[in-house]
Amino acid sequence: MDQQAREKIEYALGQIRNGQDAGVESLYLLMGRTMLFVANGVVHDRHAAEDVVQESFVKIVKGIRSYRPGSNGYAWVCRIVRNTALNYVRSAGGRRWQELGEFDRAAECSFEEKSEAALMAERLMQELSEERRQMVYMKYFLDMTVREIGKELGKSKSYVAKQISAAEEQMKKSLR
């Protein structure tokens, strides 16, 4: 994510903090698709994902005071969406997110290429341990830093970095 996008997200969160409705609309325009993408990746149901996104916006507005201006607003919003989706799944019978193939972000690929890439990504991710899969997901799909991942999971920064590096190496070997 480029610096300009991060600044726009930061500005939208600042508007929300100041009680301006325009901030919610701006955040939706900037991150609505990403939020739906994250939610759908957890709940695997488009309608439920839409509900999760709506609930996430309520949580963002209510919890905006807990956001530290200048930190990673993108990751903060995605974390709220993910946690809301996980809570939804837990309350809906305990299904867990496992398929990450939907997170293929190749921009200029044909449908067939996207499908192949998604299947490959899903296969590679499934070969990882649950812990490593979660760390890779947080780093590459939620755009979180190693420090943020460590804090979220209660692990040291160096441990997270080593696990992600090992996961990347494991996936590279699988591709050979």
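**Core, pocket and pairs**

Modeller: In the largest nonpolar core, which has 40 residues, the members that touch the most others are L13, L27, I60 and V77. Please keep in mind that this is a predicted model.

Biologist: Which helices each supply at least two residues of this core?

Modeller: Those helices are α1 (3-17), α2 (21-43), α3 (46-62), α4 (73-91), α6 (130-140), α7 (146-153) and α8 (157-175). The helix that gives the most to this core is α4, with 10 residues.

Biologist: And what does V77 touch?

Modeller: If residues up to four places away in sequence are not counted, V77 touches L13, L27, M31, M35 and I60. Apart from that core lies another one, of six residues, and M125, L128, A167 and M171 are among them.

Biologist: Stepping back, how many helices and strands are there in the chain?

Modeller: The chain has eight helices and zero strands, so that, read along the sequence, its pattern is α-α-α-α-α-α-α-α.

Biologist: Changing topic, how much space lies in the second largest pocket?

Modeller: The second largest pocket holds about 340 Å³ of space. It is lined by 13 residues, and those closest to its centre are R68, W76, R79, E148 and K151. The elements that give two or more residues to that lining are α4 and α7.

Biologist: How do the residues of that lining divide into nonpolar, polar and charged?

Modeller: The lining of the second largest pocket has three nonpolar residues, four polar ones and six charged ones.

Biologist: How many aromatic pairs does the structure hold?

Modeller: There are two aromatic pairs in the structure. In one of them, Y28 and F57 have ring centres 6.1 Å apart and planes at 50 degrees, so the pair is tilted.

Biologist: Where do Y28 and F57 lie?

Modeller: Y28 is in helix α2 and F57 is in helix α3, so the pair ties together parts that are 29 residues apart in sequence. F57 counts as buried, at 12% relative accessibility, because the cut-off for buried is under 20%.

Biologist: What about Y67 and W76, how are their rings placed?

Modeller: The ring centres of Y67 and W76 are 5.0 Å apart and the planes are at 50 degrees, so this pair is tilted. Y67 is buried, with a relative accessible area of 3%, and W76 also counts as buried, at 12% relative accessibility. W76 is also one of the residues closest to the centre of the second largest pocket.

Biologist: Where does A75 sit, and is it buried or exposed?

Modeller: A75 belongs to helix α4 and is buried, with a relative accessible area of 1%. Leaving aside neighbours within four places in sequence, A75 is in contact with L142, D143, M144 and E148. The C-alpha atoms of A75 and L142 are separated by 5.8 Å, although these residues are 67 residues apart along the chain.

Biologist: What is Q15 in contact with?

Modeller: Once neighbours within four places in sequence are left aside, Q15 is in contact with Q20, A22, G23 and S26. Q15 lies in helix α1 and counts as buried, at 9% relative accessibility.

Biologist: What is the phi of H44, and where does H44 lie?

Modeller: H44 has a positive phi of about 55 degrees although it is not a glycine, and H44 is located in the loop between α2 and α3. At 26% relative accessibility, H44 counts as partly exposed.

Biologist: Last one, what about S165?

Modeller: S165 is in helix α8 and is partly exposed, with a relative accessible area of 42%. The C-alpha atoms of S165 and V136 are separated by 9.3 Å, and the two residues are 29 residues apart along the chain.

Technical notes. Residues are numbered from 1 along each chain as its sequence is written. This is a predicted model: local features need pLDDT of at least 70, side-chain atom pairs count only at pLDDT 80 or more; totals for chains, interfaces and linings use all residues. Side-chain values use heavy atoms; hydrogens and water are left out. A nonpolar core is a set of buried Ala, Val, Leu, Ile, Met, Phe, Trp, Tyr and Cys residues joined through side-chain atoms within 4.5 Å. Buried means under 20% relative accessible area, exposed over 50%, partly exposed in between (1.4 Å probe, protein chains only). Helices (H or I, at least four residues) and strands (E, at least two) are DSSP runs, numbered from the N terminus. Contact means heavy atoms within 4.5 Å. On a 1 Å grid over the protein atoms alone, a cavity is a set of points where a 1.4 Å probe fits but cannot get out, and a pocket is an open set with protein on both sides within 12 Å along at least five of seven lines; lining residues have an atom within 4 Å of a point. Grid points are joined across faces, edges and corners, and a volume is the space filled by probe spheres set on the points. Ala, Val, Leu, Ile, Met, Phe, Trp, Tyr, Cys and Pro count as nonpolar, Asp, Glu, Lys and Arg as charged, and the others, Gly among them, as polar. Rings of Phe, Tyr and Trp (its six-membered ring) pair if their centres lie within 6.5 Å; planes under 30 degrees apart count as stacked, over 60 as edge-to-face and the rest as tilted.
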